[in-house]
Each structure stands twice: as C-alpha cells, then as structure tokens.
Amino acid sequence: MTVTIASAPVVPGPVAPLLRRAAAAQEDDFGPNVYSTIDVLWVLYDRILRISPDRPDDPDRDRFLLSKGHAVAGYYAVLAAKGFIPPEWLDDAYGPASRLGGHPDRVLVPGVEIGSGSLGHGLGLGVGTALGLRAQGLLTPRVYVLLGDAELDEGSNHEAIAYAGATGLAGLTAIVVDNRSATHGWPGGIAARFTVNGWRASTVDGNDHDALYAALTGHDHHRPHVVVAVVGEKE
C-alpha cells in the first residue's frame, strides 16, 4: 500500500514549548528520530490511551511501551504536557543528576512502563505484557508498542510478530514509524510482514492526526493490530 505524505511534522501546540525546554537543556535541537514520533505520541496520549497521571499504576490502565528509546525527548515532552512529570524536569534533561536520561527509565520517570535502550526488545516485552494481562483476566487494557522500521531488522521482532499472531493477542497494537531506514525490508512492505502472521494492519500518513486516530482505534478485538505510520524519508 502506498501512502502519500500530505503533511509535514508540526509539533503539537501543548508540546512545542516543552520540547524547546528539553532542547535548551542539551544546547542543541533534536534530530529526525524525535520529530518523526511526535504526532503518534500526541494522538496516543491526547485521544486514545486510558491512563491518568493521578493513577499511573492503575491495573486497568492501557500500557504504552516506547521501544524506540532514543526518541525519548518527544516522549518526555508529551508526559510533561499531560501532567505525568513536572515541566521543570525538562530543564536539566540528560544531566548527571536528572531523572530524564537519554533513554527512558521506568524506575525514575512516572508513567514510563519499560526502560528501553538496545533496539528490538519493546515488541517482545509488549507481547509478554499482553499475555500477562490476559492471564489475569484483565481484558479491557490495551498494550501499545512504538518502534521504528529499522528495529524490524532485529530477529527478536520476527519471533514476537509470529507468536502474537499465532496466539491471537487481540489486546496488542504495534505502531511502526516508517522512514525507510530499515536495512533489509520485507517483500510487500512492512504491513505484509505482520499480516502474513495473522495480524490486522493499517498504513497511514504518520503526521495526520485524524488518520492516526482512525487507524489506532481500528482493531477488531480478535487479533493483534499494527499501524504503519509513514513519515518523510529518514525523518
């Protein structure tokens, strides 16, 4: 499926000043890895995720796992915009005494579900989380995992994709930010890698908030769901 990128990434209003604070802390702007995820993160936290900063450990909450951990600056800004962390934390982000490191830390940052560093682990952790919720009879929460297309070069993702499809993990949604940076690729495109293993798939403009919302809420409750968010090349 070919998707036309009709819009350029524009940092959502509530997030923009917070992201600037984090950029000032490191005395430099952020790269494409951060800006490519901003729209997905904002749609999730503003319109979809069932999670509150007042009860970040609620057993019935949705879970969001950032596998693309090096894109954490946008994540921090969104968490601040939604009240999970004080905006003041952004002023010394990445400093030696800061809670906000170059990758998220679930022990130090409220609202963060996993510590992510080495690429390729988030989807497997998401599969395990969805299995755990199902085993406990918690069928309302969904698990969302955000990863980059280059992560799919890691073999651990193939195992997670195959297992989730085979076991019908209907509570799992993967979001792949596709900027055509993968080394190996997949015949038929990213979505085909999932659908051949029994997933439902949607491919959309990764900067279009309404399209992202429709895709992220388009799961069928019978199988895992992937949303391929196409952004500008190497964005």
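**View 1. Helix α1 and its buried residues.** Ala16, Leu18, Leu19, Ala22 and Ala23 are buried in helix α1 (residues 16-26). Buried means under 20% relative accessible area, exposed over 50%, with a 1.4 Å probe and protein chains only. Helices (H or I, at least four residues) and strands (E, at least two) are DSSP runs numbered from the N terminus. Down the axis of α1, the buried residues fall within an arc of 165°, so they line one face of the helix. The arc is taken from the directions from the helix axis to the C-beta atoms. Arg20 and Ala24, on the other side of α1, are exposed.

The model is predicted: local features need pLDDT of at least 70, and side-chain atom pairs count only at pLDDT 80 or more, while totals for chains, interfaces and linings use all residues. Residues are numbered from 1 along each chain as its sequence is written, and side-chain values use heavy atoms, without hydrogens and water.

**View 2. The cover over α1.** Elements covering the buried residues of α1 include α2 (32-35), α3 (38-48) and α4 (72-81). Contact means heavy atoms within 4.5 Å.

**View 3. The open sheet.** Five strands run in the order β1-β2-β3-β5-β4, with parallel pairing. Strands pair if DSSP finds at least two bridges between them. β1 (63-66) and β4 (200-205) are at the edges with a single partner strand each, so one side of each lacks a neighbour in the sheet.

**View 4. Strands β4 and β5.** β4 pairs with β5 (residues 225-230) in the parallel sense over six bridges. Serine 202 stands opposite valine 227 in β5.
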